[in-house]
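Hello,

Here is the model we talked about handing over. My notes on it follow below.

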Amino acid sequence: MGLLNNRTAVVTGAGRGIGRAIAETFVREGAKVVINDIDSDPAEEAKAACEKIAGEGCAITSIGSVADSAYTDSLMKAAADTFGKLDILVNNAGITRDKMIHNMSDEMWNFVIDINLKGTFNCIRSASPYLRGASKQEIESGGLKYHRKIINFFSTAALRGNPGQANYTAAKMGNVGLTRTIAQEWGRFGINVNAVAPGFTDTRLTKAKESTDGTVGIPAAQREAILKMIPFGRAGVPQDIANVVLFFASPLSDYVTGQAINVSGGLQIP
Ligand SMILES: NC(=O)c1ccc[n+]([C@@H]2O[C@H](COP(=O)([O-])OP(=O)(O)OC[C@H]3O[C@@H](n4cnc5c(N)ncnc54)[C@H](O)[C@@H]3O)[C@@H](O)[C@H]2O)c1
């Protein structure tokens with residue numbers, strides 16, 4: 001018996017890293033999953049990995065940007081059209097474009113805000129008919145059958161402040177505000193809204209910049225300094241984050257809402 005039997009989830013940015021680990025964890029626990037990503041090849045790889053775990057028909061892909069609200073409408077509709085409903089939304093898609101603020105262009109600011117913050121807003125609003133609408137209908141016709149769930153993403157870098165990431169840290173703290181607000185707006189519909197901050201987690205975003213094409217990643221020296229600040233002495237792996245997202249997606253967290261939690265191996269926030 002899986003923790004997510006008979007549940008349908010949309011996971012944004014699920015082609016790589018943490019999102020992919022979430023998609024794989026969810027199908028292992030019995031959910032049907034819509035794998036969103038802006039890049040189709042990694043999304044197809046994630047779908048194949050899910051099918052290896054839970055068999056054909058457990059996942060579909062949907063390619064497009066969470067920054068585009070017309071697209072996010074079609075993303076949520078794809079979940080309902082294919083699997084009959086939508087119960088869980090994980091707003092994991094994220095991106096960085098780092099520069100000190102005096103050198104940060106409008107394009108870099110808007111790009112990062114549009115994906116990390118407006119993307120979360122777009123997805124929640126697009127999911128409203130399926131999450132809020134379905135719960136409201138259940139309540140009006142006899143009683144809520146189960147809690148529906150939203151999990152948003154922020155970052156320990158945003159809590160701490162991080163030189164070079166004015167755009168990213170502003171967007172991620174915005175997601176905490178969204179989380180607390182929607183938890184209050186939709187609490188009476190039995191919709192739980194919580195936020196997870198990965199600490200320093202091994203993915204494309206935290207690779208040494210010197211080893212990437214330079215658009216994402218962080219300088220090797222900064223990487224080493226952060227690793228030294230983690231009491232457990234290691235970076236996180238995507239599964240560490242997926243385990244906590246699973247808790248927030250499952251009935252185990254039915255009485256928890258509006259919370260923002262660090263999953264960081266004890267990385268201290270001053
Ligand atoms: N890795 C870390 O240490 C860390 C720390 C704090 C927060 N986070 C957050 O965790 C989440 C996952 O990050 P990750 O480390 O797995 O990164 P990642 O780059 O490995 O994966 C992110 C995925 O999002 C996709 N994506 C990017 N823009 C998109 C868009 N517009 N629409 C849809 N998909 C898009 C990418 O193609 C990619 O597959 C992000 O929100 C990130 O900000 C990560």
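Helices (H or I, at least four residues) and strands (E, at least two) are DSSP runs, numbered from the N terminus. This is a predicted model, in which local features need pLDDT of at least 70 and side-chain atom pairs count only at pLDDT 80 or more, while totals for chains, interfaces and linings use all residues. Residues are numbered from 1 along each chain as its sequence is written.

Overall fold

The protein chain has eight helices and seven strands. Its radius of gyration (taken over C-alpha atoms) is 18 Å, close to the 18 Å from the globule rule (2.2 Å times the number of residues to the power 0.38) for 270 residues, so the chain is as compact as a globular protein of that length. The C-alpha trace spans about 55 × 40 × 35 Å along its principal axes. Of the 270 residues, 47% are buried (20 or more other C-beta atoms within 10 Å of the residue's own; exposed means 12 or fewer, partly exposed in between, with C-beta atoms placed from the backbone).

Leaving aside neighbours within four places in sequence, Ala 23 is in contact (C-beta atoms, placed from the backbone, within 7 Å) with residues including Val 11, Val 33 and Cys 50.

In strand β1 (residues 8-11), Thr 8 and Val 10 point one way, Ala 9 and Val 11 point the other way, and all are buried. β1 pairs with β2 in the parallel sense over four bridges (pairing requires at least two DSSP bridges). Thr 8 stands opposite Lys 32 in β2.

Gly 174

Gly 174 is found in helix α6 (residues 166-186). Gly 174 counts as partly exposed because it has 19 C-beta neighbours inside 10 Å. Gly 174 and Leu 117 are 57 residues apart in sequence, and their C-alpha atoms are 6.4 Å apart in space.

Regards

Definitions and conventions: Contact = placed C-beta atoms within 7 Å.
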